[in-house]
Amino acid sequence: MIQKRIENLKEEFCKSYGSSDNIRVFNAPGRVNIIGEHTDYNGGLVLPVAIDKSILAVARVREDRILNLKSMNFSMEVSASLDDIRYRKEDDWANYPKGVAWVLEKEGLKLKGADIIFEGEIPIGSGLSSSAAIEVVSMITLLKLSNKKLPLKKIPLLCRKAENEFVGVNCGIMDQFIVTFGKKNHALILDCKTLDYKLVPFQSKGTILIVGNTKVKRGLANSEYNKRVKECAEGVKILKEYINREEIEFLSDITKEEFSRYRDKIPAPIDKRCEHVINENERVRQAVDCLEKGDLENLGKLLNASHYSLRDLYEVSCRELDVMVESSLKIKGVYGARMTGAGFGGCIIALVGEKAKEEFVKRVGRDYQRKLGIKPDFYTCQVGDGAKEI
Ligand code: ADP
Ligand code: MG
């Protein structure tokens with residue numbers, strides 16, 4: 001499959017840039033977060049996997065400092081000088097690779113110009129993080145072509161910086177991390193406070209992840225997201241008055257026991273918000289245990305518990321997400337399902353036995369459409385490798 005995409009893209013490269021001499025090929029995947037929702041900005045744990053859908057880049061170094069950027073997914077082509085990289089709204093998608101070049105130059109790495117053509121099969125704006133994929137594939141392309149090296153951990157950090165400061169999107173660090181460090185048949189547990197991470201074996205043979213897109217725009221998500229961030233900060237402040245430990249900075253630094261001892265000191269609804277975060281963090285640890293034992297039944301139960309907590313305690317779900325999760329759970333062969341992302345629309349993920357795939361797509365699709373009048377999208381994913389040169 002990927003070979004065919006590479007051949008096609010090489011042909012397109014030739015048509016656009018003359019010849020295929022000295023071209024190199026790079027690839028970066030999308031991602032799905034198995035569990036650990038709204039834990040990232042609370043300094044907590046997340047457990048994403050890289051998926052088998054990716055963005056490819058075919059590229060050739062230039063002798064000057066010009067970046068020529070094309071994408072098979074967009075008609076807009078952009079040419080920019082590395083000596084004058086600025087965000088331009090009209091450059092649209094090309095601000096992502098430009099932002100990556102900008103951040104590398106700011107780090108003091110003098111880059112070479114390049115002709116690059118991208119092609120992606122990650123659905124855009126659908127919760128699989130095509131943005132992190134385009135950032136990371138751009139970064140490894142520019143580094144390799146310019147013969148520059150960075151400490152590995154800097155790659156996700158700098159990609160995030162490009163998205164935050166150049167493109168102007170306020171994202172966390174998880175996506176760029178998993179896209180950089182993901183590995184086939186592995187999930188990655190990341191501590192969002194310390195940025196320590198570890199690959200955990202995920203023998204996903206016979207199992208797939210299905211992402212269901214409710215097609216509901218996350219209308220409330222921004223204002224409610226900011227509200228949750230504030231509520232969590234308020235929760236930490238109150239708990240710190242009672243728990244005498246210097247290192248408490250985030251909700252994730254507080255144990256379940258400590259929380260239950262002082263819960264009644266916290267006004268509603270902040271108490272519920274804290275409970276979600278502290279339990280969710282614990283669920284990530286339990287999910288790692290399940291993966292290590294190959295216990296998908298209990299992993300599925302953790303996904304369900306995460307959903308109910310996001311719905312009832314964190315209050316970021318909505319009818320569409322709840323309907324889709326409930327219909328998923330009715331299908332035999334589904335281990336578990338939950339909403340994912342900021343909430344108020346967007347996507348669910350379900351852990352599904354491969355044999356149940358067709359029935360899942362058919363029945364959940366029909367049920368959802370009947371109840372909501374919207375035709376959902378489904379993306380079937382397997383666990384794939386992180387970014388690399390091919
Ligand atoms: P997502 O949830 O997929 O990360 P975002 O809105 O964060 O959605 O990022 C999507 C943006 O990333 C696109 O609008 C585009 O600018 C860029 N992008 C994604 N895929 C590609 C691609 N194949 N080629 C060029 N740009 C892409
Ligand atoms: Mg994104």
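Where does Ser129 lie? I found Ser129 in the loop between strand S6 (114-120) and helix H3 (130-145). Helices (H or I, at least four residues) and strands (E, at least two) are DSSP runs, numbered from the N terminus.

**Ground rules.** I'm looking at a predicted model, where local features need pLDDT of at least 70 and side-chain atom pairs count only at pLDDT 80 or more, while totals for chains, interfaces and linings use all residues. Residues are numbered from 1 along each chain as its sequence is written, chains are lettered from A and ligands numbered from 1 in the order in which they are written, and side-chain values use heavy atoms, with hydrogens and water left out.

I started with a reminder to myself: most residues other than glycine have a negative phi, and most peptide bonds are trans. Ser129 isn't a glycine, yet its phi is positive, near 60°. Ser129 counts as buried because its relative accessibility is 8%. (Buried means under 20% relative accessible area, exposed over 50%, partly exposed in between, with a 1.4 Å probe and protein chains only.)

Asn185 also has a positive phi, about 60°, without being a glycine. I placed Asn185 in the loop between helix H5 (174-181) and strand S7. Asn185 is partly exposed, because its relative accessible area is 26%.

Then I checked a proline: the peptide bond from Ala268 to Pro269 is cis, with omega near 0°. Pro269 sits in the loop between helix H7 (256-262) and helix H8 (270-293).

**His186.** I moved on to His186, in strand S7. His186 counts as buried because its relative accessibility is 18%. A polar atom of the His186 side chain lies 2.8 Å from the backbone oxygen of Lys184. Leaving out residues up to four places away in sequence, His186 touches Val49, Leu199, Val200, Pro201, Phe202 and Val383. (Contact means heavy atoms within 4.5 Å.)

**Ala59.** Buried or exposed, I wondered about Ala59? Ala59 is buried, because its relative accessibility is 0%. I found Ala59 in strand S3.

**Two domains.** I zoomed out: the chain splits into domain 1 (2-202) and domain 2 (208-381), with bounds from an automatic or database domain assignment. Their centres, taken over C-alpha atoms, are 27 Å apart. I noted 29 residues of domain 1 in contact with 43 residues of domain 2.

The area buried between the domains is about 2900 Å², and carbon and sulfur atoms give 68% of that. (Buried area is the accessible area, 1.4 Å probe, that two parts lose on being put together, summed over both.) In domain 1, Ile35, Glu37 and His38 lose the most area to domain 2, together 23% of what that side buries.

I counted four salt bridges between the domains. (A salt bridge is a side-chain nitrogen of Lys or Arg within 4 Å of a carboxyl oxygen of Asp or Glu.) I also looked up the salt bridge between the side chains of Lys198 and Glu292, at 3.9 Å from N to O.

**Helix H10.** My last stop was helix H10 (residues 319-329), which is mostly covered, with eight of its eleven residues buried. Leu321, Val323 and Met324 are among those buried residues. The buried residues of H10 pack against several elements, including helix H9 (296-312) and strand S10 (334-340).

Notes: Polar contact = N/O pair within 3.5 Å; in protein donor to acceptor, adjacent residues only side chain to side chain.
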